[in-house]
Amino acid sequence: MSCDGEQEMYPFDMDEELFADTFSEESIYRFGSEELKISQVYGANLGVAAPVWDAALWLCRYFERPSFDLKGKRVIELGAGTGIVGILAARLGAEVTLTDLPHAVPQLQKNVSANKPPNGWPSVTPTVLPLTWGLDQGQFPSDWDLVVGADIVYLTETYPLLMDTLTHLCQEGATVYLSSKMRREHGTSDFHDNILPQRFDCQLMRRDHTQNINLYRATLRKTEQTQ
């Protein structure tokens with residue numbers, strides 16, 4: 001299936017009984033000269049990590065612009081899900097680490113393997129690692145160039161954990177890019193307008209009114225960096 005348009009396949013509150021039987025779907029996504037084959041494994045165990053969300057496609061299209069140079073950048077993706085954003089970044093020359101909860105790691109590994117360029121990765125093979133916000137971030141370095149996430153702001157109880165994770169990863173000056181579907185019922189606006197700015201200098205980069213998606217850029221304030 002070719003997916004040049006954007007799609008939101010399922011809402012966040014999914015009935016586990018609906019996905020009691022696991023099934024997979026492969027889709028082709030094109031970004032400029034890059035073509036990605038992404039497997040989406042639907043099942044009760046993957047939940048929201050299974051689909052390619054609109055906000056992920058939107059972030060991919062932001063990164064594919066010629067003016068956005070990812071070559072040689074050290075990038076970590078949070079809540080990577082299918083890995084489409086990080087895989088595209090790796091295809092464009094970045095050194096990428098893809099992270100999500102442990103149950104999403106096999107899907108990420110499969111998609112990384114399926115999207116190795118014919119002549120090999122421009123930089124290095126993307127690394128896939130489990131990362132539970134608020135718990136595992138200390139096992140990761142803090143010297144990234146970019147920390148990225150697409151549609152990862154949707155559960156209010158995870159916001160303090162996400163903040164702690166972002167704070168650790170950005171200690172040495174990383175820039176954060178968050179692409180978010182602005183769901184009022186999930187307090188997405190509150191996170192970006194009130195919670196993230198408590199520690200980060202934030203800027204709204206782009207807004208898609210049609211799809212209700214915002215792209216934010218943020219950097220950790222010097223006062224929040226440990227000495």
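**Overall architecture and local features of the predicted model**

The protein comprises 5 helices and 9 strands. From the N terminus on, the elements follow the order β-β-α-β-α-β-α-β-β-α-β-α-β-β. Of the 227 residues, 53% count as buried. Among the contacts with a separation of 6 or more, 68% are accounted for by residues 24 or more positions apart.

An open sheet of 7 strands is present, with the order β5-β4-β3-β6-β7-β9-β8 and mixed pairing. The edges of this sheet are taken by β5 (127-130) and β8 (200-208); each has a single partner strand, so one side of each is left without a neighbour in the sheet. From one strand to the next, the twist averages 20°. Strands of a sheet pair through backbone hydrogen bonds, in either a parallel or an antiparallel manner.

Strands β8 and β9 run antiparallel and are joined by 8 bridges. On the other pairing, 7 bridges join β7 to β9, and these two strands also run antiparallel. Residue Y216 of β9 is the bridge partner of L204 and is likewise the bridge partner of L178. A further bridge pairs C202 with A218 in β9. Strand β9 is mostly covered, with 6 of its 8 residues buried.

β8 and β9 form a hairpin with 4 residues between them. The loop between these two strands contains N212, a residue that has a positive phi of about 60° although it is not a glycine. N212 is partly exposed, its relative accessible area being 36%.

Helix α1 (residues 54-63) lies across β6 (146-150), β7 (175-181), β8 and β9, and runs at about 140° to β7. Helix α3 (residues 105-114) lies across β4 (95-100) and β5, running at about 175° to β5.

Helix α1 also packs with another helix. Two packed helices are described by the angle between their axes and the distance between the axes. For α1 and α2 (residues 84-91), the angle is about 15° and the axes are 9 Å apart. Angles under 35 degrees count as roughly parallel, and α1 and α2 are therefore roughly parallel to each other. Their crossing is right-handed. At the contact, A56, L57, L59, C60 and F63 in α1 meet I84, V85 and L88 in α2.

Both helices of this pair are largely enclosed by the rest of the structure, as judged from the burial of their residues. In α1, 9 of the 10 residues are buried, namely D54, A55, A56, L57, W58, L59, C60, Y62 and F63. In α2, 8 of the 8 residues are buried. The buried residues of α2 are I84, V85, G86, I87, L88, A89, A90 and R91. Just after α2, G93 takes a positive phi of about 110°.

Two loop residues at either end of β6 were also characterised. S142 is placed in the loop between β5 and β6. With a relative accessible area of 11%, S142 is buried. A polar atom of the S142 side chain lies 2.7 Å from the backbone oxygen of H168. Residues up to four places away in sequence not being counted, S142 touches H168, L169, C170, Q171 and E172.

D151 is found in the loop between β6 and α4 (159-169). Although it is not a glycine, D151 has a positive phi of about 55°. D151 counts as buried, at 4% relative accessibility. By contrast, N212, which has a positive phi of about 60°, is partly exposed.

Technical notes
Residues numbered from 1 in each chain as written. Predicted model: local features only at pLDDT ≥ 70, side-chain atom pairs only at ≥ 80, totals over all residues. Heavy atoms only, no water. Pairing = 2+ DSSP bridges. Axes fitted to C-alpha atoms, helices over the stretch in contact; angles between N-to-C directions. Contact = heavy atoms within 4.5 Å. Buried < 20%, exposed > 50% of the residue type's maximum accessible area, 1.4 Å probe, protein only. Polar contact = N/O pair within 3.5 Å; in protein donor to acceptor, adjacent residues only side chain to side chain. Parallel < 35°, antiparallel > 145°, perpendicular 65-115°, else oblique. Left-handed = near helix turned anticlockwise from the far one by under 90°.
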